[in-house]
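Here is a short briefing on a structure that may be new to you. Look it over first, then read the points below.

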Amino acid sequence: MKRFLDAILAIVWKDLLAERRTREIMGAMLVFALTVILIFIFAFDLSVEMRRKAAAGVIWVTLCFAGTISLNRSMSIEKDREGMDGLLLAPVDRTAIYFGKVLVNWVYILLSALIVVPVYSIFNNTNLVSWEFAGIILLGTLGYILTGTLLSMLSIQLRTRDMMLPVLLFPVVIPLLLAAVRASTIILLGGAASELHTWMLLLAGYDLLFFAVGLMVFDKLIEE
Amino acid sequence: MLTASNLYKSFGSRRVLRGVNMEIDRGEIVALIGVNGAGKSTLLRILSTLTRADGGKISLDGNSIYKDPARVRQQIGVVLHAPMLYGSLTGRENLRFFSRMFEVADAEKRISQMLSEMNLTSRAEDLVRTYSRGMQQRLSIARALLHDPQVLLMDEPLTGLDDDSIGRLNQYLRNAAQQGKSILFATHDLERACELATRADTLHRGAIRDSLPIGDISPDQLRDRYQQVTAADQRDLTERNAS
């Protein structure tokens, strides 16, 4: 187990070190996310009430699209100079590679959320920052990254991988996004606690399901 | 000892390996020779657990490599065409990362030793993307040797290396073989094969057609033998097809 965790942490260390140096992924994600937020703010002349109602949808769409950039790029790094073969040759359970990549991508998307949510709050003069909303972001982004990392491993072999990932990913994450948007809306606009509980359970269930799927199929998925 | 018996591999309708049998004893340096597309790289990928064969068995010291692949990977070092390195990390950081993945004991000392062996100490703190092709190859070899593997599998390891680096690597591999390590390297450079190997196996049309102890054989003799084997094999095929 220690070896498994060491391998996960080594992958996280390697990716974050490279990112600190190049700022390729976070740079692209933030430029993209902030542009989307600004377009939503300035393209529609919405009332304050409508902006509050639209907030959850806008934020989740922004995070998902920005997340696709990190998923694609973090896999491309492994394709350059065939780094993935180097990882596959390591004497550890190969699911460590999957969970290492999940952790790295989760860090990227959470850092994006940490900037996107306050920016949206400031421009719309509405407070979106709360512990409950942070909880939804944590659960929703984790499910998205668990699924996306698995599918990006699949699409890495394809010539059209940049295009294929969203095509494969978005249909699969529809239940997750629905739950995340509904739960966020209840927190931001108020609603029944029991309904919020249901959506939160769905988010947690989705995360658990894809955690288990990753654990079971990753090794088979990457085998030639 | 690394043993492969009756290995088969196809990609779609193209049959690449058609019953490969080979054994590499401890202390042996085997050159795998063959034309482009003969299946050398595929065979090395299969032996290194990166690709699964469609049929056949591979064992390391009597244990199937599919039973506990992680344990097998701890005992093999692999150099392929691509360097398997990260351009945004320095040479030392790359080795540090792989030493963590392979749980190398006393890693920093071993990293410095490998950098020195490959004559890369002065460039150790530079990003790998600034390295020349030959330097990347040397670092890739250092990566493969980092965990002191018992078996070395190398696909054209001398590509891009200058004469000095080739001399150093040959010496390192000879020493490794003397310590009981098994080495298999693919090449189509028969001169280099004669310099280093103790045996040359010819892979032709998906199978090992000849296995020749090198001893004092010259590159020209090896070339003649290689041409005889491949020509005879081609004749057999033509006759079989005609009948």
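**Helix packing in chain A**

The crossing of H6(A) and H8(A) is left-handed, meaning that the near helix is turned anticlockwise from the far one by less than a right angle (clockwise would be right-handed). Helices here are DSSP runs of H or I with at least four residues, strands are runs of E with at least two, and both are numbered from the N terminus. This is a predicted model, in which local features need pLDDT of at least 70 and side-chain atom pairs count only at pLDDT 80 or more, while totals for chains, interfaces and linings use all residues. Residues are numbered from 1 along each chain as its sequence is written, and chains are lettered from A and ligands numbered from 1 in the order in which they are written.

**H6(A) with H8(A)**

- Helix H6 covers residues 131-155 of chain A, and helix H8 covers residues 193-222 of chain A.
- Their axes come within 9 Å and cross at roughly 20 degrees. Axes are lines fitted to C-alpha atoms, for helices over the stretch in contact, and angles run from 0 to 180 degrees between N-to-C directions.
- H6(A) and H8(A) are therefore roughly parallel to each other. Angles under 35 degrees count as roughly parallel, over 145 as roughly antiparallel, 65 to 115 as roughly perpendicular and the rest as oblique.
- Residues of H6(A) in this contact include Leu139(A), Leu146(A) and Leu150(A); those of H8(A) include Met200(A), Phe210(A) and Phe218(A). Contact means that C-beta atoms, placed from the backbone, lie within 7 Å.
- The residues of this contact divide into 16 nonpolar, four polar and one charged. Nonpolar covers Ala, Val, Leu, Ile, Met, Phe, Trp, Tyr, Cys and Pro; charged covers Asp, Glu, Lys and Arg; the others, Gly among them, are polar.

**H5(A) with H6(A)**

- Helix H5 (residues 95-124) of chain A packs with H6(A) at about 135 degrees, and the axes are 9 Å apart.
- H5(A) and H6(A) are therefore oblique to each other. Their crossing is right-handed.
- Among the residues in contact are Trp106(A) and Ile109(A) of H5(A), and Ile137(A) and Ile145(A) of H6(A).
- This contact has ten nonpolar, four polar and one charged residues.

**Chain B overall**

- Chain B has eight helices and ten strands.
- Its radius of gyration is 18 Å, close to the 18 Å that the globule rule gives for 243 residues, so chain B is as compact as a globular protein of that length. The radius is taken over C-alpha atoms, and the rule is 2.2 Å times the number of residues to the power 0.38.
- The C-alpha trace of chain B spans about 65 × 40 × 35 Å along its principal axes.
- Buried residues make up 44% of the 243 residues in chain B. Buried means 20 or more other C-beta atoms within 10 Å of the residue's own, exposed 12 or fewer, and partly exposed in between, with C-beta atoms placed from the backbone.

**Where the chains meet**

- The contact takes 25 residues from chain B and 23 residues from chain A.
- H3(B) gives the largest share of the side of chain B that touches chain A, five residues.
- Ten of the eleven residues of H3(B) are buried, so H3(B) is largely enclosed by the rest of the structure.
- Helix H1 (2-22) and helix H4 (83-88) of chain A are among the elements that the buried residues of H3(B) pack against.
- Met84(A) lies in helix H4 of chain A. Met84(A) is buried, with 21 other C-beta atoms within 10 Å.

Key
Contact = placed C-beta atoms within 7 Å.
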